[in-house]
Amino acid sequence: MDTSNRKETYVEGDRFYKVFDRMKNKADVLNEALNQAWVEETGLSIPSLLEVKVIDGCWALVTRYIKGKTLEQMLEEEPEKEEEYLRWFVDLQLEMQSKRCPALRKHRDKMNGKISQTDLSATLRYDLHNRIESMPRHNSLCHGDFNPSNVVIDESGKAYIIDWSHATQGNAEADVARTFMMFLVDEKKTRACRYLKIFCEKSGCQIKDVLNWLPILAASQSVKGIRKQTGFLKNLIFMDEKGLEELYEEV
Ligand SMILES: Nc1ncnc2c1ncn2[C@@H]1O[C@H](COP(=O)(O)OP(=O)(O)O)[C@@H](O)[C@H]1O
Ligand SMILES: [Mg+2]
């Protein structure tokens, strides 16, 4: 049983239980369930949602158990296969982004909401809202936390994308920028750059168009108030064109 991150997870037969702690906001649990139900309808490979229930006073989501390993475990166990696994990871992200899910919240609205919640100066918040406005408007299915621990590979080698609490519809490059940023937060810079290059090579996207999202995404992430991320995120939030240019050179 895993009790990390204010939730418990366990398996019973072919069912995977994700039981949140008592403090968890009911609306957030129902939102995650609803997102998952909408995404299921796109036909993307995800575990089906079987039940939303209360267990001993705690809200829980029950999904079909995928027996296998996460891509994160596989990357840990076989570091020499990083390039191959990242290519697979990118293919799955592209497949997801090819889907449309018009019922989901718009990524742009979510970002505007987060920027308003930051403690940044009014001027900077104004700049960030404008930056969002200037970004191309797309309607791809975006995961919001697309990382290797949210991809489960079953014993036959079929991949499933899980953990839909942050799903939105919007600009695919923003979703890629978030994945890139979170690899950097985890101090996996080599992996971050490798991933971004593969994504841009496969999709035809420009690295610069992805990096342009970083100040917005860093401001959004800063709302979580995770102390060890503060310095890193501040750096990205305040990064000017020259800074982004330098980061581009590094990738
Ligand atoms: N349906 C499932 N089948 C198999 N394993 C799962 C399933 N759902 C979640 N997991 C496992 O539990 C972990 C945590 O679940 P997840 O939904 O990603 O929650 P969070 O990342 O918010 O803690 C995943 O990384 C994966 O290892
Ligand atoms: Mg997860």
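**Figure 1. Asp-56 in the loop between strand 3 (49-55) and strand 4.** In this predicted model, Asp-56 adopts a positive phi of about 45°, although it is not a glycine. Most residues other than glycine have a negative phi. Asp-56 counts as exposed because its relative accessibility is 65%, and the cut-off for that class is over 50%.

**Figure 2. Asp-163 in the loop between strand 8 (159-161) and strand 9 (168-170).** The phi of Asp-163 is near 70°, a positive value in a residue other than glycine. With a relative accessibility of 21%, Asp-163 counts as partly exposed. Asp-163 is also among the closest of the 14 residues that surround ligand 1.

**Figure 3. Polar contacts of ligand 1 with Lys-7, Lys-18 and Ser-149.** An N or O atom in the side chain of Lys-7 is 2.9 Å from an oxygen atom of ligand 1. For Lys-18, a polar side-chain atom lies 2.6 Å from a ligand 1 oxygen atom. Ser-149 instead uses its backbone, from which a polar atom is 2.8 Å from an oxygen atom of ligand 1. Ligand 1 exposes 540 Å² when taken alone, and the protein buries 78% of that area.

**Figure 4. The shell around ligand 1, with residues from domain 1 (7-64) and domain 2 (68-250).** Because both domains contribute residues to this shell, ligand 1 lies between them. The shell residues comprise five nonpolar, five polar and four charged. Of the 14 residues that surround ligand 1, the closest are Lys-7, Lys-18, Ser-149, Asn-150 and Asp-163.

Methods
Residues are numbered from 1 along each chain as its sequence is written. Chains are lettered from A and ligands numbered from 1 in the order in which they are written. This is a predicted model: local features need pLDDT of at least 70, side-chain atom pairs count only at pLDDT 80 or more; totals for chains, interfaces and linings use all residues. Side-chain values use heavy atoms; hydrogens and water are left out. A residue is near a molecule or strand if one of its heavy atoms lies within 4 Å of it. A polar contact is a pair of N or O atoms within 3.5 Å; within protein, one must be able to donate a hydrogen and the other to accept it, and residues adjacent in sequence count only if both atoms are side-chain atoms. Accessible areas come from the Shrake-Rupley method with a 1.4 Å probe; for residues, only the protein chains shown count as cover. Ala, Val, Leu, Ile, Met, Phe, Trp, Tyr, Cys and Pro count as nonpolar, Asp, Glu, Lys and Arg as charged, and the others, Gly among them, as polar. Domain bounds come from an automatic or database domain assignment. Helices (H or I, at least four residues) and strands (E, at least two) are DSSP runs, numbered from the N terminus. Buried means under 20% relative accessible area, exposed over 50%, partly exposed in between (1.4 Å probe, protein chains only).
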